[in-house]
Amino acid sequence: MADYADSFNNKISDDMKKKLTGNYHLLFLASMFAFAPVSCSAEKLPAYILGAEEQTGNDAGSNKSTAYFDFFTYKGNDAVYTNNPLTTPGAFYTNILPGFYSDPSICSNGKGDYFLVTSSFCYFPGVPIFHSTDLVNWKQLGHVLSRPSQLIKIDGKPIQDGIYAPAIEYNPYNETYYMITTNINAGNFYVTTRTPMDASSWSEPVYIDGLMGCIDPSFFFEGDKAYIVYNDGPDTEAYSGHRTIRLREFDVATGKVINPAGRGKILVDKGTVKPGNETPIWIEGPHLYKIEGTYYLMCAEGGTGPWHSEVVYRSDRPTEGFEPWDQNPILTQRRLDATQPDRLNPVTTTGHADMVQTVEGDWWAVFLGCRPIPGTSVNKRYENLGRETFLMPVKWTEDGWPYIQTGEFSAPIAPVQERPFATRGNDVTFGNFEKRADFATQTLGVEWMTLRAPATEYYSLTEKEGYLALKCAEVSSREKLTPAYIGRRMQHHAYTCETELTLNAKDEQDRAGLLLFQDDNHQYFLSVNKSGKKMRIALEKTNATKVNNTWANASVTTIGEQLVDDGGKPIGLKVESKGLTYEFYYKLSNGSWQKLCGDVDAYHLSVANCGGFTGATIGMYATRKL
């Protein structure tokens, strides 16, 4: 596997690396339940389909240099939700998974169960998986990649590396679910399960010969046949951004590509060529469907920035003859200016779609999009949340073409959608919700993530009952390693986050508090540390300089600080996000909130400023190394 990974990484072209790591800063920017397990005996399945048990955490160890967090609360307060209330039982907000849930893929088992996955990059666990029975009420089951053995070669890598664009499909032929994806540092692989309601049941990765240097693979199953469609470079590059969509046949019985030599068969070269778009760029994210005897190929195009879109092709064969719809794109917001003052609730960068038919017969598509806040100037946009997952209905023309929207000049994405077959529940993934963690169980909730590895050597939920014990690690969040950080996605531009901690400090190097993390170079840290006989509350800012289009020389500066006499009692910390600015507070035992810093620019954590692919996260952090 290591040889495969090294070979894959070496084969990625310079153009691909530029697109995957540097080009995203041009963005305007910028997840279950009860279903009966399928009846399929292990005897009839190839060995590669069988999974393994999920690993468990361990004790954080000694209580010296340890912070004890009593609780963590998060409350969203975005105006788009308060100004657009849901007034009917089937109404829902279009961005069904707010916060950075990018590159969504969806599948159905044909029995009323729907599963959805998204990218996770270098966060652990990888690939969040959600389940629904009506497309409106979603619940996160956990993560597809929940073991370190499923996530290799991400240690030492920037946060925007790792897992890209997972695609999930159900194969009725062997009653098995497949998730295929790209680990940009190791190669293309898939995992399988027959019981997706158990998120720990997914198999070990199977790396795929025949997809070297490619991205965005997706399965298509038809009877006993199977294919993989994917993005690859052209045989001869005509211009920067020139890509192809290719296809390989897959043997379900062996779990391998048939005849892996060569580069596969080209289905689409360049993209949707038409007047005004003679050199289409970045055709990618393909999904293949068979609908009433016709094969449809749906792809993203235009890059993941403001020119992003979705296009569709069709053929009477799965292996050739695909022609584009003359009304492409079928989804885009590229002609809409997010900075227009009269454009409320702008959505940008829409694309990377996948569609599904429900048991009721209607069609729906998930896709990524961004909800930026226009800033104080044209070139300053607040895209802190990253690329979110949206859901909209798919319509059909009389001559059999599917579309979400029509043409270059599509209407703005509406904030509210309606599905008559669904009844919205009380615990949904969208809108202004409030979450509280009291750390009363022995495992973290599915919303929590760490960086690159489980970090179980740093935290414990059993050392002190009802607390998260977090050791002050000799690792900084600026390093491309695994610090003592446990975070969750920022899912609103306006939100309030609170925690309360007691720091058992060995010396003045021990620090703990709330970390606002965009990447290794852009962070805010509301911290507590010992200073003589008192405690110091401080706001630290991590920043870097850009050298040759690459961030370098990250350093930490103190924005504000206050010495307090805590009497050895817990200290409260609070972050209030106003969208454009942050406010940072602290509170002593039995005291009131005191503002440490106000009007702190949130643009520092915007993807428009930082580049990359991820939205910001917030959580608990402890370190001995700033």
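1. The model under discussion is predicted. The remarks here should be read with that in mind.

2. Three strands build an open sheet, in the order S22-S23-S26, with antiparallel pairing. Strand S22 (348–357) and strand S26 (388–393) are the edge strands; each has a single partner strand, so one side of each lacks a neighbour in the sheet. On average, and with direction ignored, neighbouring strands of this sheet are turned by 30 degrees against each other.

3. Within the sheet, S22 and strand S23 (residues 363–370) run antiparallel and are joined by 6 bridges. Gln357 is placed opposite Trp363 in S23.

4. Strand S22 also contributes to the second largest pocket: S22, strand S3 (105–108), strand S8 (163–171), strand S12 (215–222) and strand S17 (284–291) each provide at least two residues of its lining. The volume of the second largest pocket is about 590 Å³.

5. Which residues lie nearest the centre of the second largest pocket? They are Ser108, Glu169, Tyr170, Tyr289 and Val356, out of 26 lining residues. By class, the lining comprises 15 nonpolar, 7 polar and 4 charged residues.

6. Lys506 is situated in the loop between strand S35 (494–504) and strand S36 (511–519). With a relative accessible area of 52%, Lys506 counts as exposed, because the cut-off for that class is over 50%.

7. Leaving aside residues up to four places away in sequence, Lys506 touches Ser65 and Arg624. Lys506 and Asn63 are separated by 443 residues in sequence, yet their C-alpha atoms are 9.7 Å apart in space.

Methods:
Residues numbered from 1 in each chain as written. Predicted model: local features only at pLDDT ≥ 70, side-chain atom pairs only at ≥ 80, totals over all residues. Heavy atoms only, no water. Pairing = 2+ DSSP bridges. Helix = DSSP H or I, 4+ residues; strand = E, 2+ residues; numbered from the N terminus. Axes fitted to C-alpha atoms, helices over the stretch in contact; angles between N-to-C directions. Buried < 20%, exposed > 50% of the residue type's maximum accessible area, 1.4 Å probe, protein only. Contact = heavy atoms within 4.5 Å. 1 Å grid on protein atoms, 1.4 Å probe; cavity = no way out; pocket = protein on both sides within 12 Å on 5 of 7 lines; lining within 4 Å. Points joined across faces, edges and corners; volume = space filled by probe spheres on them. Nonpolar A, V, L, I, M, F, W, Y, C, P; charged D, E, K, R; others polar.
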